[in-house]
Amino acid sequence: QVQLVESGGGLVQTGGSLRLSCAASGRTFSNVIVGWFRQAPGKERELVAGITWSANSQYYADSVKGRFTISRDGAKNTVYLQMNSVKPEDTAEYYCAAAVGVGRWSDYVKSSEYTYWGQGTQVTVSS
């Protein structure tokens, strides 16, 4: 089992910054993919950024490219999502999730591909 705990959400003004953290514990795998998903009311859960734990390859949704940065700290077993230049449309519940496997990013954009999930953290961007 893998446990994921998110933190860092909150209220931020348009154009501001926020950093989300996802602390992982429990069983470790070498071929882990960690993704940050978000879900706004009435919308589907979408992958906004992902990172492979070993190869350090990243994925970004078009909507966040150039604004969000995903990174990991192996020593702390933590994945971060740095959110800059936030917009009201970034308002959502943000979830950290982990999948075990290898493949192309196109194989891991769906939430159904991820086995382990955190409890979520709310991000609200005020206009």
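Author: Strand 8 is largely enclosed by the rest of the structure, because 5 of its 6 residues are buried; buried here means under 20% relative accessible area, exposed means over 50%, and partly exposed covers what lies in between, with a 1.4 Å probe and protein chains only. Strands are DSSP runs of E with at least two residues, numbered from the N terminus, just as helices are runs of H or I with at least four. The model is predicted, so that local features need pLDDT of at least 70 and side-chain atom pairs count only at pLDDT 80 or more, while totals for chains, interfaces and linings use all residues. Residues are numbered from 1 along each chain as its sequence is written, and side-chain values use heavy atoms, with hydrogens and water left out.

Strand 8 covers residues 78-83, and T78 is found in it. With a relative accessible area of 7%, T78 is buried. A polar atom of the T78 side chain lies 2.9 Å from the backbone oxygen of K76. If we leave aside neighbours within four places in sequence, T78 is in contact (heavy atoms within 4.5 Å) with S21, C22, A23, W53, S71, R72 and D73.

The pairing of strand 8 comes next, where two strands count as paired if DSSP finds at least two bridges between them. Strand 7, residues 68-73, pairs with strand 8 in the antiparallel sense over 6 bridges, and within this pairing T78 is the bridge partner of D73. The two strands form a hairpin with 4 residues between them, and in the turn N77 has a positive phi of about 50°. Strand 3, residues 18-26, is also joined to strand 8 by 6 bridges and runs antiparallel to it; here C22 stands opposite V79.

These pairings belong to an open sheet of 4 strands in the order 1-3-8-7, with antiparallel pairing. Its edge strands are strand 1 (2-7) and strand 7, each of which pairs on one side only. Neighbouring strands of this sheet are turned by 15° against each other on average, direction ignored, where the axes are lines fitted to C-alpha atoms and angles between N-to-C directions run from 0 to 180 degrees. Strand 1 is joined to strand 3 by 6 bridges, again antiparallel, and V5 stands opposite A23 in strand 3. As a general point, in a regular strand the side chains alternate between the two faces of the sheet.

With -65° about the S-S bond, the link of C22 and C96 is left-handed, and both C22 and C96 are buried.

Note on methods. A polar contact is a pair of N or O atoms within 3.5 Å; within protein, one must be able to donate a hydrogen and the other to accept it, and residues adjacent in sequence count only if both atoms are side-chain atoms. A disulfide is a pair of cysteine sulfur atoms within 2.5 Å.
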